[in-house]
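I opened my notebook to look up a few places in one structure. My entries follow in the order I made them.

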Amino acid sequence: MNPDKKRLRRTMMFLNTQKPGLMKDPYIYKPDSIMFDLEDAVAGNQKDAARFSLYHGLKTIDYRGCERVVRINALDTPYWQEDIRCAVAAGCDAVRIPKTESALDVKRVEKAVESAEIEFARYKGSVLIMAAIESAKGVMKALEICEASERLFGIALSGGDYTKDLQTHITGTGIELMGARQNLVIAARAAGVQCFDTVFTDLDNTEAFREEVTRIHLMGFDGKSVINPRQISIVHEIFTPCRKDILFAEKVVREIEDKREKGIGVFTVDGKMIDIAFYEGARRTIALAKASGVYGGEM
């Protein structure tokens, strides 16, 4: 398995690949992943120009450790196969499939990625895949999509297209997205992949954005798509364990490992009842703290 499949992905910042100026230095905002968009942000008569910009940007710019994901065009367009060839040739880390509705969609992209890796002498398995869920059918097929390929590291909700398909609209309350969000998280966890939330477009409503990020963090998402650098710090703050949580996780791990050797199954830590079921969650908190660069312990 590609070791980057489980990397830290709290934020994925979308960039219009048609505009070279936007591609120049997005790493300064420190998103975990950068999403280079060849799809909706690029007009039909500008697809070739956008690929040209993408190729030279990825070849010449050091993105300082940010993951480089390319959103290709939909599989019912004439663009997607050349998008993949360009992205793989340029050295991308992953491609995002828009409007995914079945395992077959993932397998078609997987086959094209494999061919491009051979064509451009990339290491086999070096290019990962993620799938965007944008329809009711996609939500209902989420588990089969998650299990379709070893290359697939995660799925993401695209709220705008999904709500249109649902014959409603984005309200700001989250009610219209609640079912899809929980279904995608459940499917992702069942398949052992990551899950990412949709963008928040009201850039001036910071309070509502913070509330939404807090909500999707509690629901179990791994991260959120963002469209503006101002959103990154808020997402990172909420998705990064605080010192109190880290210290508690350390205590839980130590106590479980100690009590397990002594044959004790249930005990308390800081007044809370703990058993072995808490172990993996505590380890994950520590791993997330390490990946976020805020861990100072020895575990």
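**Entry 1: Ser-292**

I found Ser-292 in helix H12, residues 279–292. Helices here are DSSP runs (H or I, at least four residues), strands are runs of E (at least two), and both are numbered from the N terminus. I am reading a predicted model, where local features need pLDDT of at least 70, side-chain atom pairs count only at pLDDT 80 or more, and totals for chains, interfaces and linings use all residues. Residues are numbered from 1 along each chain as its sequence is written, and side-chain values use heavy atoms, with hydrogens and water left out.

Is Ser-292 buried or exposed? Ser-292 counts as buried because its relative accessibility is 16%. The cut-offs are under 20% relative accessible area for buried, over 50% for exposed, and partly exposed in between (1.4 Å probe, protein chains only).

I then checked what Ser-292 touches. Leaving aside neighbours within four places in sequence, Ser-292 is in contact with Leu-8, Arg-10 and Thr-240. Contact means heavy atoms within 4.5 Å. Leu-8 is 284 residues away along the chain, yet the C-alpha atoms of Ser-292 and Leu-8 are separated by 7.4 Å. The Ser-292 side chain also reaches the backbone oxygen of Leu-288, at 2.8 Å.

**Entry 2: Ser-135**

I looked up another serine. Ser-135 sits in the loop between strand S5 (128–133) and helix H5 (136–140). Its relative accessibility is 7%, so Ser-135 counts as buried. I noted that Ser-135 touches Glu-101, Tyr-162 and Asp-165, residues up to four places away in sequence not counted. With Glu-101 there is a polar contact, side chain to side chain, at 2.7 Å. A polar contact is a pair of N or O atoms within 3.5 Å; within protein, one must be able to donate a hydrogen and the other to accept it, and residues adjacent in sequence count only if both atoms are side-chain atoms.

**Entry 3: the loop between H2 and S3**

Which residues did I check here? Asp-62 is in the loop between H2 and S3. Arg-64 is in the loop between helix H2 (47–60) and strand S3 (67–71). Asp-62 counts as exposed because its relative accessible area is 51%. Arg-64 has 57%, so Arg-64 is exposed. The side chain of Asp-62 reaches the backbone nitrogen of Arg-64 at 2.9 Å.

I also compared Asp-62 with Ile-256. They are 194 residues apart along the chain, and their C-alpha atoms are separated by 43 Å.

Then I read the backbone angles. Most residues other than glycine have a negative phi. Arg-64 is not a glycine, but its phi is positive, about 55°. Ala-121 also has a positive phi, near 55°, and is not a glycine. I placed Ala-121 in the loop between helix H4 (103–119) and S5. At 71% relative accessibility, I logged Ala-121 as exposed.

**Entry 4: Val-106**

Next I went to helix H4 and found Val-106. How accessible is Val-106? Its relative accessibility is 0%, so Val-106 counts as buried. Not counting residues up to four places away in sequence, Val-106 touches Ile-97, Thr-100, Ile-129, Ile-145, Ala-148, Ser-149 and Leu-152.

**Entry 5: Gln-194**

Gln-194 belongs to strand S7, residues 194–197. I logged Gln-194 as buried because its relative accessibility is 8%. Beyond four places in sequence, the contacts of Gln-194 include Lys-5, Phe-153, Ala-188 and Asp-222.

**Entry 6: H8 against H9**

At what angle do H8 and H9 pack? Helix H8 (residues 178–191) and helix H9 (residues 206–219) pack at about 40°, with their axes 10 Å apart. That makes H8 oblique to H9. Axes are lines fitted to C-alpha atoms, for helices over the stretch in contact, and angles run from 0 to 180 degrees between N-to-C directions. Under 35 degrees is roughly parallel, over 145 roughly antiparallel, 65 to 115 roughly perpendicular, and the rest oblique.

From H8, Met-178, Arg-181, Gln-182 and Val-185 meet Glu-212, Arg-215, Ile-216 and Met-219 of H9.
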